[in-house]
Amino acid sequence: MVAVRMALIHEKGSDQLEALRRYDQVMPLTVDDVDRFERSRPRLEAIAYRFLGSADEAEDVVQETFLRWQAADVDRVEVPEAWLTKVLTNLCLNQLTSARARRETYVGRWLPEPLLAGDPMLGPADTAEQRESVSYAVLTLMERLSPNERAVYVLREAFDYPHREIAEILDITEAASQQIFHRAKKHVAYGRARSEIDKAATHRIVEEFLAAATSGQTDELVRLLTKDAISIGDGGGKVPARTKAFEGAAAVAKFLWALFKPAEAKRAIVGGSSEIYAWTANGEPAVVVVVEGRVVAIMCLEVTAEGIAACRTQANPDKLERATGQWATADHGEPLLTM
C-alpha cells in the first residue's frame, strides 16, 4: 500500500493534497482488491476518454474512481465491473457539466485530444462501431450531445452495454435509455459514408495529401477534398490558430497551401525545423508534425467516400504531451517532409 500512496504523491496541484487526505482516512485495500481494480483500469480509461475527449482528464477520473473503490466496502460489491463503471460514469457526467462551463471561456475552437495509433486508451477496435466511436470526427461531433446522451452513446455503441445495464448506471428507465441512444445517434450521424482504411492506404492518402498541399498548385488539393470540406484548428490561445473554420474546397486548399509553405516565422513559432510524418490518430489518417522529438501538431483527416471532408488540427501543447510520449516509443521511420 506504500506504493499506492507514493503514486498519489505525484498527483497534480491541489488534487494531490485532496487525494492524500482521503487516502489516509480509509483502510488500505488488499493486494487482490487492487488487482481487481487494475484489471478494469484499461476499460475505465477507454470509457472516460470517449466521455471527455481528454486523456489527461480521463486519467484523473479513473484515479478518483480508484479512491472511491478504496473507500468502499468492496467485499459487499457483487459485480465490481458494474460498480466501477457506475462510479466512473457519474464522475464523468460531473466533469462534462463543468467542462462545458470552462469551454465557454476557452480561447479559440476547442477540439479533443488526439491519441496516436497504439495508445491503449483508444480501447477496443474489434467492430466498426467501436472504431467509429473513438474517431476524431465522432469525438468532435459528440460535443453536440448532452452529458446523458454522450454517456448512453458511449456505453452502448463502443462497449455494447445492454440498455438494462445502462439504465441502472444512469438511474433511468430502460425505455429512456433506448430513446436517448436513438437521439444521440441522430445527432452524431455523419450524413456521408466513411471509408474503412488500412495502414497502407492511410500512408498513401497522407502522402498524396501532402504532395498536393506543398506543390503550390491548389487544383490537385481541391480534387482530394469534398466540395464542403472544412479545416479547423485548436491552439488553446498558446499557438496561432484561426477561430473560424475555413469552409469549402477552394478556401481549405488555399489555407493548406499557405500552412505547409516553409517560412522562417513558422520555425520560430514551433522552435525549429518541422519533420512531417504520415500516421494514424484515433483510427484516422493523420499528419504528425514533430520538432526535435516533440509533437507540435496533429492534423486528423476525415476521409469519406467522396474525399477528405475535414482537416482538424490539434496544436495546443497541453493536449499533445501524451502524444509526444507515445511518439518517443514508436517506430516512425523517416519523415515525408522537413520544413
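This is a predicted model: local features need pLDDT of at least 70, side-chain atom pairs count only at pLDDT 80 or more; totals for chains, interfaces and linings use all residues.
**Exercise 1. An annotated segment**

State what the UniProt record places at residues 37-100, then describe the chain there.

*Solution.* 
Step 1. Read the record. The unreviewed UniProt entry places the feature "domain: RNA polymerase sigma-70 region" at residues 37-100.
Step 2. Check the secondary structure. Over residues 37-100 the chain is 84% helix and 0% strand.
Step 3. Check the span. The end C-alpha atoms of this stretch are 29 Å apart.

**Exercise 2. Aromatic pairs**

Count the aromatic pairs, then classify Phe37 with Phe66 and Tyr277 with Trp327.

*Solution.* 
Step 1. Take the total. There are seven aromatic pairs.
Step 2. Classify Phe37 and Phe66. Their ring centres are 5.1 Å apart and the planes stand at 65°, so the pair is edge-to-face. The cut-off used is an angle over 60 degrees.
Step 3. Locate this pair. Phe37 is in helix α3 (residues 31-52) and Phe66 in helix α4 (residues 55-71), so the contact ties together parts 29 residues apart in sequence. Both Phe37 and Phe66 are buried.
Step 4. Classify Tyr277 and Trp327. The centre-to-centre distance is 4.9 Å and the angle between planes is 70°, again edge-to-face.
Step 5. Locate this second pair. Tyr277 belongs to strand β3 (residues 275-281) and Trp327 to helix α15 (residues 321-328), so parts 50 residues apart in sequence are tied together.
Step 6. Check burial. Tyr277 has a relative accessible area of 4%, and Trp327 has 3%. Buried means under 20%, so Tyr277 and Trp327 both qualify.
Step 7. Ring pairs link Tyr277 and Trp327 with Trp279 into a cluster.

**Exercise 3. Salt bridges across the sequence**

Give the number of salt bridges, then trace three of them through the fold.

*Solution.* 
Step 1. Take the total. The count is 19 salt bridges.
Step 2. Trace Asp171 and Lys86. Their side chains meet at 3.2 Å, N to O. Asp171 is in the loop between α9 and α10 (174-188) and Lys86 in helix α5 (residues 80-103), so the bridge ties together parts 85 residues apart in sequence.
Step 3. Asp171 is exposed at 62%, while Lys86 is partly exposed at 25%.
Step 4. Trace Glu157 and Lys185. The N to O distance is 3.6 Å. Glu157 lies in helix α8 and Lys185 in helix α10, so this pair ties together parts 28 residues apart in sequence. Glu157 is buried at 11%, whereas Lys185 is partly exposed at 36%.
Step 5. Trace Lys238 and Asp318. Here the N to O distance is 2.3 Å. The pair links distant parts of the chain, 80 residues apart: Lys238 in the loop between β1 (225-234) and β2 (246-247), Asp318 in the loop between β6 (307-314) and α15. Asp318 is partly exposed at 43%.
Step 6. Find a network. Shared partners join Glu59, Asp119 and Arg322 through salt bridges.

**Exercise 4. Positive phi in loops**

*Solution.* 
Step 1. Recall the background. Most residues other than glycine have a negative phi.
Step 2. Read the angles. Asp160 has a positive phi of about 55°. Asn282 has a positive phi near 55°.
Step 3. Asp160 is in the loop between α8 (147-158) and α9 (163-170). Asn282 is in the loop between β3 and β4 (284-291).
Step 4. Decide on accessibility. Asp160 is exposed at 56%, but Asn282 is buried at 1%.

Definitions and conventions
Residues are numbered from 1 along each chain as its sequence is written. Side-chain values use heavy atoms; hydrogens and water are left out. UniProt positions are given in the numbering used here, feature names are shortened, and annotations may be inferred rather than shown by experiment. Helices (H or I, at least four residues) and strands (E, at least two) are DSSP runs, numbered from the N terminus. Rings of Phe, Tyr and Trp (its six-membered ring) pair if their centres lie within 6.5 Å; planes under 30 degrees apart count as stacked, over 60 as edge-to-face and the rest as tilted. Buried means under 20% relative accessible area, exposed over 50%, partly exposed in between (1.4 Å probe, protein chains only). A salt bridge is a side-chain nitrogen of Lys or Arg within 4 Å of a carboxyl oxygen of Asp or Glu.
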